[in-house]
Amino acid sequence: MALTIGIIGLPQSGKTSLFNALTQAGAPIGGYATSTVQANVGVVQVPDARLQPLADIFQPKKITPTTVEFVDVAGMGQASQAAKEKKEGLSAEFLGHIRNADALAIVLRTFANDNVTHINESIDPYRDLESLNAELMITDLSSVERRLERTSRAAKSGDKKYQQEVEILKRFKDALEEFKLVKELELGQPEHTLLKELFLLTMKPRMYVLNVSESILGEANDLLDKISAGENVDEDTLSAELKGIVKVARRAKEEGSEVAAVSASLEAELSELPEEDAQEYLESLGLPKLGADRVIQVGYRLLNLITFLTAGEDEVRAWTVTQGAKAPEAAGKIHSDIERGFIRAEVVHFNDFIECGSFAAATKKGVLRLEGKEYVVKDGDIAHFRFNVGK
Ligand SMILES: Nc1nc2c(ncn2[C@@H]2O[C@H](COP(=O)(O)OP(=O)(O)OP(=O)(O)O)[C@@H](O)[C@H]2O)c(=O)[nH]1
Ligand SMILES: [Mg+2]
């Protein structure tokens, strides 16, 4: 189960640069609006500050972080004229890459660079976001309308199930026509069931990645922090770019999306250096730690994922489960046999473990517990599963 984050945005917004910063894949970037047609796919390790302290204790042969996959696709805003006239939205090829993404990272150009064409001519990340949203909404609208046509026909038989579906689809249609994201609606169980089949783009959890010039990266991050903390921001004194950032951040807060600022080209260059050198260079510029790491971590959170750990002399390892997963499901990530033969889990939270320094000390202190099938795994749990496959 590779969880995937789709990187989308207008042409020349820095998607491939971000992809390279994230994956260190060195995919070719374009200085001209010819847009990547082929998708770039890469798997990245999720940085986790808990792995090293555990490794210091266990001295394992191997340290294995958990991973997320990123897909970098062609720029949007270039839907063929024919498709636009028919109001079909995005091309089938583009959709093929993005329909199955579990979340979206939406890259918004906020850097000035006279050598790089901007299809909307000026720097305005909020306007660009609106135009991207419009395309996503038109695409969703066409999926919803097609389904509505089919369901309406079926509902004529008087079947209650279809009638309810028609009601739901109409609600989606109205929302999209009013320029709302489907994810902004209040959704109950019947809606969620239907949404599983519709793969709507405006339903996906999203993160806005403001791709800023390195000269304003520090300020951009300060602003994002202030807005997320609900502090006041005096907009009058801000430059046009920073105003744009504030608008995007407010919108993100309102709709429950995440937001991050990076300098994609700087980070793509830095990703080719050894990590320590990159970190040192950033510090010499007075910049915070790598934004790419933040994008990975935020993406991971967006997907509603949590990490549990296993630790021993062979390996210290991070594993991914969905929030709410119970102990046997977590065990199944390691091996299906362990899920099948699950007996109990020995669980100690990372923080407690680090205080104790060993499993023996944790047991003595009573922070290492035995948990059963119904135990809901928490982020940062260190687990050891007892199982019996002989059954
Ligand atoms: N100054 C500056 N230039 C950038 C930044 N990010 C990207 N660029 C430049 O913008 C151009 C386009 O970057 P890409 O990463 O190829 O953008 P893209 O969104 O993948 O472009 P398409 O795939 O063609 O849609 C390249 O010349 C990059 O060097 C940035 O943060 N600052
Ligand atoms: Mg590209």
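Trainee: What do the side chains of lysine 61 and aspartate 314 meet in?
Mentor: A salt bridge, at 2.7 Å from N to O. Keep in mind that this is a predicted model.

Trainee: Where in the chain do lysine 61 and aspartate 314 sit?
Mentor: In distant parts, 253 residues apart. Lysine 61 is in the loop between helix H2 (51–58) and strand E3 (62–64). Aspartate 314 is in the loop between strand E8 (305–311) and strand E9 (315–322).

Trainee: How many salt bridges turn up in the whole structure?
Mentor: A search finds 21.

Trainee: Switching to domains. What does the assignment give?
Mentor: Domain 1 covers 4–302 and domain 2 covers 324–387. Their centres, taken over C-alpha atoms, are 34 Å apart.

Trainee: And how many residues does the contact take from each?
Mentor: Domain 1 gives 5 residues and domain 2 gives 8.

Trainee: What area do they bury between them?
Mentor: About 560 Å². Carbon and sulfur atoms carry 80% of that.

Trainee: Which residues in domain 1 lose the most area to domain 2?
Mentor: Arg50, Leu54 and Ile57. Together they make up 72% of what the domain 1 side buries.

Trainee: How many salt bridges cross that interface?
Mentor: The rule finds 1 between domain 1 and domain 2. Look at aspartate 379 and arginine 50: they form a salt bridge, with the closest N and O atoms 3.1 Å apart.

Trainee: How many residue pairs are in polar contact between the domains?
Mentor: The count is 1, with both residues at pLDDT 80 or more.

Trainee: What about classes on the domain 1 side?
Mentor: The side touching domain 2 has 4 nonpolar residues, 1 charged and no polar.

Trainee: New topic, rings. How many aromatic pairs are there?
Mentor: The structure holds 6. One of them is phenylalanine 342 with phenylalanine 385.

Trainee: Why is that pair called tilted?
Mentor: Because the planes of phenylalanine 342 and phenylalanine 385 stand at 55 degrees. Under 30 would be stacked and over 60 edge-to-face. The ring centres are 6.2 Å apart.

Trainee: Which strands hold those two?
Mentor: Phenylalanine 342 is in strand E10 (residues 342–349). Phenylalanine 385 is in strand E12 (residues 381–387). The pair links distant parts of the chain, 43 residues apart.

Methods
Residues are numbered from 1 along each chain as its sequence is written. Chains are lettered from A and ligands numbered from 1 in the order in which they are written. This is a predicted model: local features need pLDDT of at least 70, side-chain atom pairs count only at pLDDT 80 or more; totals for chains, interfaces and linings use all residues. Side-chain values use heavy atoms; hydrogens and water are left out. Domain bounds come from an automatic or database domain assignment. Contact means heavy atoms within 4.5 Å. Buried area is the accessible area (1.4 Å probe) that two parts lose on being put together, summed over both. A salt bridge is a side-chain nitrogen of Lys or Arg within 4 Å of a carboxyl oxygen of Asp or Glu. A polar contact is a pair of N or O atoms within 3.5 Å; within protein, one must be able to donate a hydrogen and the other to accept it, and residues adjacent in sequence count only if both atoms are side-chain atoms. Ala, Val, Leu, Ile, Met, Phe, Trp, Tyr, Cys and Pro count as nonpolar, Asp, Glu, Lys and Arg as charged, and the others, Gly among them, as polar. Rings of Phe, Tyr and Trp (its six-membered ring) pair if their centres lie within 6.5 Å; planes under 30 degrees apart count as stacked, over 60 as edge-to-face and the rest as tilted. Helices (H or I, at least four residues) and strands (E, at least two) are DSSP runs, numbered from the N terminus.
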